[in-house]
Amino acid sequence: MADYSQSLIKSLIKKVKEYPRFSKKEIEKFCWMAVHEHKHGVLPSEYDIREIDEELYLELLEEFKLNIY
């Protein structure tokens, strides 16, 4: 598993919480959006199938679940 900096994880957590209509009930969706935006520079479109960094996504999701932001 890749080792991502805490500053990257914290900046993505901040980004996730600032998304319009952020909901803890849909945390998987919002974490995926943040990782997509980080990798591709834009939010995903409705049918966007570009790959994301899955390890970063899982680490971000785990951080959210462990610390319940």
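Biologist: Contact means heavy atoms within 4.5 Å. Leaving aside neighbours within four places in sequence, what is Cys-31 in contact with?

Modeller: Val-16, Tyr-57, Leu-60, Leu-61 and Phe-64. Before we go on: this is a predicted model, where local features need pLDDT of at least 70 and side-chain atom pairs count only at pLDDT 80 or more, while totals for chains, interfaces and linings use all residues. Residues are numbered from 1 along each chain as its sequence is written, and side-chain values use heavy atoms, with hydrogens and water left out.

Biologist: Fine. Which residues touch the most other members of the largest nonpolar core?

Modeller: Cys-31 again, along with Val-16, Leu-56, Leu-60 and Phe-64. The core has 19 residues. Such a core is a set of buried Ala, Val, Leu, Ile, Met, Phe, Trp, Tyr and Cys residues joined through side-chain atoms within 4.5 Å. Buried is under 20% relative accessible area, exposed is over 50%, and partly exposed lies in between (1.4 Å probe, protein chains only).

Biologist: Which helices supply at least two residues each of this core?

Modeller: H1, H2 (27–40) and H3 do. H2 gives the largest share, six residues. Helices (H or I, at least four residues) and strands (E, at least two) are DSSP runs, numbered from the N terminus.

Biologist: At what angle do H1 and H3 pack?

Modeller: About 70 degrees, with the axes 10 Å apart; H1 spans residues 6–18 and H3 spans 54–67. That makes the pair roughly perpendicular. Axes are lines fitted to C-alpha atoms, for helices over the stretch in contact, and angles run from 0 to 180 degrees between N-to-C directions. Under 35 degrees counts as roughly parallel, over 145 as roughly antiparallel, 65 to 115 as roughly perpendicular, and the rest as oblique.

Biologist: What classes do the residues of that H1 with H3 contact fall into?

Modeller: Eight nonpolar, one polar and three charged. Ala, Val, Leu, Ile, Met, Phe, Trp, Tyr, Cys and Pro count as nonpolar, Asp, Glu, Lys and Arg as charged, and the others, Gly among them, as polar.

Biologist: And how do H2 and H3 cross?

Modeller: At roughly 135 degrees, with axes coming within 9 Å. So they are oblique to each other. The crossing is right-handed. A crossing is left-handed if the near helix is turned anticlockwise from the far one by less than a right angle, and right-handed if clockwise.

Biologist: Which residues make that contact?

Modeller: From H2, Ile-27, Glu-28, Cys-31, Trp-32, Ala-34, Val-35 and His-38; from H3, Leu-56, Tyr-57, Leu-60, Leu-61, Phe-64 and Lys-65. By class, that is 10 nonpolar, one polar and two charged.

Biologist: That leaves H1 and H2. At what angle do those axes cross?

Modeller: Roughly 120 degrees, and they come within 9 Å. H1 passes H2 in a right-handed crossing. H1 brings Leu-8, Leu-12, Lys-15 and Val-16, and H2 brings Ile-27, Phe-30, Cys-31, Ala-34, Glu-37 and His-38.

Biologist: Back to Leu-61. Buried or exposed?

Modeller: Buried, with a relative accessible area of 9%. Leu-61 sits in H3. Not counting residues up to four places away in sequence, Leu-61 touches Ile-27, Glu-28 and Cys-31.

Biologist: New topic. What is the phi of Arg-21?

Modeller: Positive, about 65 degrees, although Arg-21 is not a glycine. Most residues other than glycine have a negative phi.

Biologist: Where is Arg-21 found?

Modeller: In the loop between H1 and H2. Arg-21 is exposed, at 77% relative accessible area.
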